[in-house]
Amino acid sequence: MTARLDPLAAAPSLMKEWHRASLAIASSLDPALAELIEIRSSQINGCANCINMHTTYARERGETEQRVYLLAAWREAPCYTDRERAALGWTEALTRISEGHTHEAAYEALKDHFTEEERVKLTLMINIINGWNRIAVGFGGFVDPAAVKAGNTKAVSKAAAA
């Protein structure tokens with residue numbers, strides 16, 4: 001993959017605000033749940049950058065290999081809680097919203113496990129990761145998670161530059 005454009009260089013103030021909003025929204029949720037949402041949405045959207053980044057972060061936060069590997073088949077895997085399943089169902093419904101309006105059942109399941117405020121936070125998190133997926137896929141970005149943690153978000157990996 002070749003990076004087509006560096007959005008941080010092209011629109012630094014807007015991207016800084018987008019990043020700030022992303023961090024604020026992600027920090028409003030349980031970190032483990034946020035990572036599951038980010039990974040699952042990124043899988044659906046085919047965003048290698050975000051899958052790489054968020055599986056790395058999830059493992060650093062103690063997520064098991066089993067749960068990371070089984071996330072694409074979470075409905076059949078017994079290792080997720082009912083609360084996580086509700087969040088993952090909502091993630092899929094909103095990420096795939098263009099495929100049809102089948103989100104009612106997902107929303108009903110969500111109501112059993114999340115307060116109204118938490119539902120808003122989850123929805124914002126899903127929107128943020130879908131946005132990041134589109135930025136990374138659209139511009140061909142692939143950033144080393146270690147570079148992001150170090151604050152060097154302009155460090156595009158050799159794989160992206162090749």
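## Exercises on a predicted model

Helix α4 (residues 48–60) packs against helix α8 (residues 116–139) at an angle of about 125°, and their axes lie 8 Å apart. Keep in mind that this is a predicted model.

**Exercise 1.** Work out how α4 and α8 are oriented to each other, and sort the residues where they meet.

*Step 1.* Start with the angle, which is about 125°. Angles over 145 degrees count as roughly antiparallel and 65 to 115 as roughly perpendicular, with oblique for the rest beyond the roughly parallel ones. So α4 and α8 are oblique to each other.

*Step 2.* Now look at who meets whom: α4 brings Asn49, Cys50 and His54, while α8 brings Ile129, Trp132, Asn133 and Ala136.

*Step 3.* Sort them, and you get four nonpolar residues, three polar ones and no charged ones.

**Exercise 2.** Is Ser22 buried or exposed, and what is it in contact with?

*Step 1.* Find Ser22 in helix α2 (residues 12–27).

*Step 2.* Check its relative accessible area: at 7%, Ser22 is buried, because buried means under 20%.

*Step 3.* Look around it. A polar atom of the Ser22 side chain sits 2.9 Å from the backbone oxygen of Trp18. Setting aside neighbours within four places in sequence, Ser22 touches Ile128 and Trp132.

**Exercise 3.** Describe the ring pair of Trp90 and Tyr107.

*Step 1.* The whole structure holds two aromatic pairs. In the one formed by Trp90 and Tyr107, the ring centres are 5.3 Å apart and the planes are at 55°, so this pair is tilted.

*Step 2.* Compare accessibility: Trp90 is buried at 7%, whereas Tyr107 is partly exposed at 26%.

How values were computed:
Residues numbered from 1 in each chain as written. Predicted model: local features only at pLDDT ≥ 70, side-chain atom pairs only at ≥ 80, totals over all residues. Heavy atoms only, no water. Axes fitted to C-alpha atoms, helices over the stretch in contact; angles between N-to-C directions. Helix = DSSP H or I, 4+ residues; strand = E, 2+ residues; numbered from the N terminus. Parallel < 35°, antiparallel > 145°, perpendicular 65-115°, else oblique. Contact = heavy atoms within 4.5 Å. Nonpolar A, V, L, I, M, F, W, Y, C, P; charged D, E, K, R; others polar. Buried < 20%, exposed > 50% of the residue type's maximum accessible area, 1.4 Å probe, protein only. Polar contact = N/O pair within 3.5 Å; in protein donor to acceptor, adjacent residues only side chain to side chain. Phe/Tyr/Trp six-rings, centres within 6.5 Å; stacked < 30°, edge-to-face > 60°.
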